[in-house]
Amino acid sequence: MHDNKKNLAFIDGSRLITEALVRAGADTFVGYPITPANLLYLYATKRFPTMLAAPDEITTLQWMSGFAISGHVPVTATSFPGYALMVESIGMAAMMELPMVIILVQRLGPATGTATRGAQGDLNVVFGTMSGGYSLPTFSISNYRDCWEVSAKAVHTAIELRTPVVLLTSKEMVMTQQSFDWSDLPEIAPKKVKQFKGEGKYFPYKADESLVPDFLPVSQNKHQVRITASTHDTKGILQNSTPEAISNTKRLEEKVYKHLDSYTLYDFDEQDGAETLVVSWDISSLASREAVVELRNQGKKVSLLIAKTLLPIPKVYIDIIQRYKKVVVVEENLKGQFRQLLFGAAGREGVTGINGIAKMINPSEIVEEVMRYE
């Protein structure tokens, strides 16, 4: 982005996220203020070409869908109470195949919980957002550089797959200010939704081998465009359970998995000879990185996997994890939500977790757990 000179700024993650979203191709922000996502709301008023203050979170997603149908790429930022109100409309947008990004800034729950206390407790909520077990591409930010790169990838994925995308982050990441060198941040190229260019009849849900239909906004006057959230065929006509309509509904999940490798982001710091793997995501990744450095300083061989694409779970995570006798999953929630998604209720021998609520995890806790059976 710049030359080799350092460009230091005292900055919070919200500003980096906002700038990256706009540069990646998002052009509209619709929001209802909620702690701890308020800085994203504030910066959106200054940076997005279009910004609307909605009266509530349900209206937010409905307005976003309207913008997306008209050819825009909308974004919102919320926390769990707001996301809970958005769930039905997120499913609607997924069924309509509308690109948008929902930034979910996690805070302590349940319910309204503690608005000023961070957490990593919303992964299961996102996992179960859509009826039928359909997947929402979901990303997680693990440091300030991710605020730039992962945010851009979230927008590009929403556009390329024509789907809502969730960007999970935390209070500490979006509100804490720190000195950050942005001199080597990569340029972000904007993307646009691929539009139908043919002269024949337009089928709004007919897809080629990519499984992603070409798009036309309702604002153009050349072709008829049908958009519906009910079970429908390739023409957008409501159906009950015809083979074509059911096949079209299954395609929603198939397109997400078909392109999963293209939006799988992670850091894997592998150490030769290590039999122990530390796995983490979001804010706990900072403590995990520090703990791995300390463990290696003590002579312990250990590898580190930081997951940035959380859902659907990429196969590469499983391939990496299976190579290690001992796996320690670090996350700031009650029972280990990512651990349960990776290993199920039965678990696996050698798998443990470091968890906590109402507090950030200390690197010393991770070191102690890794060294416990030495």
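In the predicted model, helix H9 (residues 284–297) packs on helix H12 (residues 363–371) at an angle of about 50 degrees, the axes lying 8 Å apart. H9 is therefore oblique to H12 (angles under 35 degrees count as roughly parallel, over 145 as roughly antiparallel, 65 to 115 as roughly perpendicular and the rest as oblique). Axes are lines fitted to C-alpha atoms, for helices over the stretch in contact, and angles run from 0 to 180 degrees between N-to-C directions. Helices (H or I, at least four residues) and strands (E, at least two) are DSSP runs numbered from the N terminus. Contact (heavy atoms within 4.5 Å) involves Ala287, Ser288, Glu290, Ala291, Glu294 and Leu295 of H9, which meet Pro363, Ile366, Val367, Val370 and Met371 of H12.

An open sheet of 5 strands has the order E10-E12-E11-E14-E15 and mixed pairing, where two strands pair if DSSP finds at least two bridges between them. The twist from one strand to the next averages 15 degrees. E14 (residues 326–330) and E15 run parallel and are joined by 4 bridges; Val327 stands opposite Val351 in E15.

Both helices lie across strands of this sheet. H9 lies across E10, E11 (276–280), E12 (303–307) and E14, at about 170 degrees to E12. H12 lies across E11, E14 and E15, at about 160 degrees to E14.

Residues are numbered from 1 along each chain as its sequence is written. Local features need pLDDT of at least 70, side-chain atom pairs count only at pLDDT 80 or more, totals for chains, interfaces and linings use all residues, and side-chain values use heavy atoms, with hydrogens and water left out.
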